[in-house]
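Reader: I would like to learn how to read a structure of this kind, feature by feature, with the cut-offs stated as we go. Could we begin with the coordinates in view?

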Number of protein chains: 2
Amino acid sequence: MTMHLNQFFAALSDPTRRAIVEHLTAGPASVSDLAAPHPMALPTFMKHLKVLERAGLVQTIKKGRVRTCHLDATPLVTAQGWIAWQRSLWETRLDHLDQLALALDAEKESADDR
Amino acid sequence: MTMHLNQFFAALSDPTRRAIVEHLTAGPASVSDLAAPHPMALPTFMKHLKVLERAGLVQTIKKGRVRTCHLDATPLVTAQGWIAWQRSLWETRLDHLDQLALALDAEKESADDR
């Protein structure tokens, strides 16, 4: 899980690799279609694809001379879970602080009334 | 936005930095409290904190000799939005494929009945 999150977050820290993920949400694509919008040499582009493959985000299948890439959304679900968990812990703490502030206000008002 | 996502995802690609975020969801903490569970030299730990600060995830306030760190959850919300958007595009596509498969099945059944 830790290794997966390391590789997943590292994979998404690059705009080319995020653009590849965005492209593949629309469906599988050949390497040449995926590479077309990116102004870089093919070996450089292939390195980005390899990083996504190692992170489990992309699967590549070769049929004849065409390599087709598919998105695997499982790591997206795992990482979204981690982020959502941190947010919920943080927001729960803020809610407790709000409740504490309200309780203190109510106590102060009731003391003022006495 | 792109720069923010680059820095945010790079910041979270390291287990020490994720542990710092997890620690801070419970509330602000001094640098020494934050560093205590991590078996590394303080300068190395400070480098991790700097990465989190540059990514906008941590704010540090110095009062006298104590540095207190706070979590800023804004980048968590931004990154969660990006991931949720990719998932929804991907799941919408899968739903369309399911509907297409059902429509083809229904067409085949109706052809078989004739």
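Reader: Is B:R87 buried, partly exposed or exposed?

Author: Buried means under 20% relative accessible area, exposed means over 50%, and partly exposed covers what lies in between, with a 1.4 Å probe and protein chains only. B:R87 has a relative accessible area of 22%, so this residue counts as partly exposed. Before going further, note that this is a predicted model, in which local features need pLDDT of at least 70 and side-chain atom pairs count only at pLDDT 80 or more, whereas totals for chains, interfaces and linings use all residues. Residues are numbered from 1 along each chain as its sequence is written, chains are lettered from A and ligands numbered from 1 in the order in which they are written, and side-chain values use heavy atoms, with hydrogens and water left out.

Reader: With which residue does B:R87 form a salt bridge?

Author: Side chains of opposite charge can pair when their charged atoms come close. The rule used here asks for a side-chain nitrogen of Lys or Arg within 4 Å of a carboxyl oxygen of Asp or Glu. B:R87 meets this rule with B:E91, the closest N and O atoms being 3.2 Å apart. Helices are DSSP runs of H or I with at least four residues, strands are runs of E with at least two, and both are numbered from the N terminus. B:E91 and B:R87 are four residues apart in helix α5 of chain B, so about one helical turn separates them. B:E91 is partly exposed, at a relative accessible area of 33%.

Reader: How many salt bridges are there over all chains?

Author: The count over all chains is four. Among them is the one between A:R87 and A:E91, whose side chains meet at 3.2 Å, N to O. A:R87 and A:E91 are four residues apart in helix α5 of chain A, so they too are separated by about one helical turn. A:R87 is partly exposed at 21%, and A:E91 is partly exposed at 34%. A further salt bridge joins A:E53 to A:K50, with the closest N and O atoms 3.4 Å apart; both residues lie in helix α4 of chain A, three residues apart, or about one turn of the helix.

Reader: How many salt bridges does the rule find across the interface of chain A and chain B?

Author: Across that interface the rule finds zero salt bridges. Between chain A and chain B, eight residue pairs are in polar contact, both residues being at pLDDT 80 or more. The elements giving two or more residues to the side of chain A that touches chain B are α1, α2 (15-24) and α5 of chain A, and α5(A) gives the most, with 13 residues. By class, this side has 21 nonpolar, seven polar and five charged residues, where Ala, Val, Leu, Ile, Met, Phe, Trp, Tyr, Cys and Pro count as nonpolar, Asp, Glu, Lys and Arg as charged, and the others, Gly among them, as polar.

Reader: What area is buried between chain A and chain B?

Author: Buried area is the accessible area (1.4 Å probe) that two parts lose on being put together, summed over both. Between chain A and chain B this area is about 2900 Å², of which carbon and sulfur atoms give 66%. Contact means heavy atoms within 4.5 Å, and the contact takes 33 residues from chain A and 33 residues from chain B.

Reader: Which residues does B:T25 touch, not counting residues up to four places away in sequence?

Author: B:T25 touches A:Q86, A:L89, A:W90, A:R93 and B:L71 on that count. B:T25 lies in the loop between α2 and β1 (29-30) of chain B, and at 3% relative accessibility B:T25 is buried. A polar atom of the B:T25 side chain lies 2.6 Å from the backbone oxygen of B:E22.

Reader: How many aromatic pairs are there over all chains?

Author: Rings of Phe, Tyr and Trp (its six-membered ring) pair if their centres lie within 6.5 Å; planes under 30 degrees apart count as stacked, over 60 as edge-to-face and the rest as tilted. The count over all chains is five aromatic pairs. One of them, A:F9 with A:W82, is edge-to-face, at 6.0 Å centre to centre and 70° between the planes. A:F9 lies in helix α1 (residues 2-11) and A:W82 in helix α5 (residues 74-113) of chain A, so this pair ties together parts that are 73 residues apart in sequence. A:F9 is buried at 0% relative accessibility, and A:W82 is buried at 4%. B:F8 and B:F9 also form an edge-to-face pair, at 5.4 Å centre to centre and 70° between the planes, and both are buried. A:F8, A:F9, A:W82, B:F8, B:F9 and B:W82 form one aromatic cluster.

Definitions and conventions. A polar contact is a pair of N or O atoms within 3.5 Å; within protein, one must be able to donate a hydrogen and the other to accept it, and residues adjacent in sequence count only if both atoms are side-chain atoms.
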